[in-house]
Amino acid sequence: MKMMDKLKKRSGTVEAVILILISWSILFFLCGENPVQVVGYIMSGSFKDMGAVASVLNKIFLFFLLAIAYAIPDQAGLANVGIDGQFIAGGFFAALLPQFVNTGNLMINVGLSVIIAMFFGSIWAFWPALLKVKYGINEVVTTLLGNYIIIELTEYMVAYPLRMKGSSISRMDFVPENFELPMLFSSKFSSSLIFVAIVLAAAVWYNKRTVKGFEARMVGKNLLFARQAGINTDVVSMRAMMAGGAIAGLAGAIQALYVNHTFQSGFTNDYGMKGMLVALVAMSNPVGCFVIAVLFGILQVGAISMQLSTDIPSEIAAVLQAIMIFFVAAKGALVIKRRRREK
């Protein structure tokens, strides 16, 4: 029976992949281009040199970390749509710290910034979780409204009291060099890759090998049964939400310390929404999140090369992602329907 279930799951995945590729090919044909050549342009644009590879990796680490920030609460039955707010909180305080504290040691400075970012990211996820478990207020509403609060607050701070002197745009002072994430082996690759590897390994281990991970999955699948089994569902929900916020804060710190080297207006760039889409496509599976993040990263960076080599605009990458989301969501709906029939 287990073997048959595995075959059914794999067959559904294969069918979804085939339908995605067929749909992409039809779209490219309608645009008057050869699908094979277009895919070649996307791949070549993503891996043509070390700079392009670094750009892809930057997208991957953002999409993956923010996907995990959604996936952890999602497994506990919570929808963390406040990822953008938690991402902003982490980036803001990571960029703010150097204005008040500088130990002179790069590793200590970066470590402090990351800890501060994860702390404030988790705090921005804490109060919606508290309102959820204490008063039953829908976390979608509170986290979404929380995004607007912190976006407007930080926009004001970088436009007025914390604005860099002489800057034509709203941003803080650039972080000192001893706060910037170091490169790996004197290359273009940031040590943020280490954070990604740690988070991926920790997420897989937590999800599959720990009691707390099992409890989170139980709460997500059946809240009433989890309570009857003696699981403190309130604690599990708050822990999952704060863990997601901390990881979103980590992503914000990396964006501020490595990519932007400051905190500026429009910091989020809807990365939280893209991370959430990655998690939804991957069905909140940590390894799946990484795979989909890689695909999204390649599409985002490679789309520029595609636009230069064809008449297809780079914005078509969003359409390709939407097609992927549609078929994966349809596959998930069919799986749920089949399980109900079996019951």
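Modeller: Let us begin with helix H12 of this predicted model. Helix H12 covers residues 286–309, which are 24 residues, and reaches 35 Å from its first C-alpha to its last.

Biologist: What makes that reach close to the expected one?

Modeller: The expected value is 34 Å, at 1.5 Å a residue.

Biologist: Where is the kink in H12 centred, and what is its angle?

Modeller: The kink is centred on Gly302 and is about 35°. The angle is taken between two fitted axes, one for the seven residues ending at a position and one for the seven starting there.

Biologist: How do you know that Asn285 caps the N-terminal end of H12?

Modeller: A side-chain oxygen of Asn285 lies 3.0 Å from the backbone nitrogen of Val287.

Biologist: Why is the pair Lys132 and Glu139 called a salt bridge?

Modeller: Their side chains meet at 3.3 Å, N to O. Because the limit is 4 Å between a side-chain nitrogen of Lys or Arg and a carboxyl oxygen of Asp or Glu, the pair qualifies. In general, side chains of opposite charge can pair when their charged atoms come close.

Biologist: Are these two residues buried or exposed?

Modeller: Lys132 has 31% relative accessibility, which lies between the limits of 20% and 50%, so Lys132 counts as partly exposed. Glu139 has 6%, under the limit of 20%, and is therefore buried.

Biologist: How many salt bridges does the whole structure have?

Modeller: A search finds two. Arg239 also forms one with Glu215, and the closest N and O atoms are 3.5 Å apart. Arg239 lies in helix H10 (residues 233–260) and Glu215 in helix H8 (residues 211–221), so the pair ties together parts that are 24 residues apart in sequence. Arg239 itself, at 26% relative accessibility, counts as partly exposed.

Biologist: How many disulfides does the structure hold?

Modeller: The structure holds zero disulfides. As for individual cysteines, Cys31 is partly exposed at 33% relative accessibility, whereas Cys289 is buried at 0%.

Biologist: Why is Thr268 called buried?

Modeller: Thr268 has 11% relative accessibility, and because this is under 20%, the residue counts as buried. Thr268 lies in the loop between H10 and H11.

Biologist: What makes the pairing of Thr268 with Asp84 a polar contact?

Modeller: The contact between their side chains is 2.4 Å, within the limit of 3.5 Å, so the name applies.

Biologist: Why is Ser265 called partly exposed?

Modeller: Ser265 is found in the loop between H10 and helix H11. Its relative accessible area is 33%, which falls between 20% and 50%, so Ser265 is partly exposed.

Biologist: Which helices have the lowest and the highest confidence?

Modeller: Confidence is lowest in helix H1 (residues 2–30), at a mean pLDDT of 73, and highest in helix H4 (residues 83–96), at 97. The chain averages 89, and 92% of the residues score at least 70. Where pLDDT is low, the predicted coordinates should not be read in detail.

Methods. Residues are numbered from 1 along each chain as its sequence is written. This is a predicted model: local features need pLDDT of at least 70, side-chain atom pairs count only at pLDDT 80 or more; totals for chains, interfaces and linings use all residues. Side-chain values use heavy atoms; hydrogens and water are left out. pLDDT is the predictor's confidence in each residue, from 0 to 100. Helices (H or I, at least four residues) and strands (E, at least two) are DSSP runs, numbered from the N terminus. The expected span of a helix is 1.5 Å times one less than its number of residues. A polar contact is a pair of N or O atoms within 3.5 Å; within protein, one must be able to donate a hydrogen and the other to accept it, and residues adjacent in sequence count only if both atoms are side-chain atoms. Buried means under 20% relative accessible area, exposed over 50%, partly exposed in between (1.4 Å probe, protein chains only). A disulfide is a pair of cysteine sulfur atoms within 2.5 Å.
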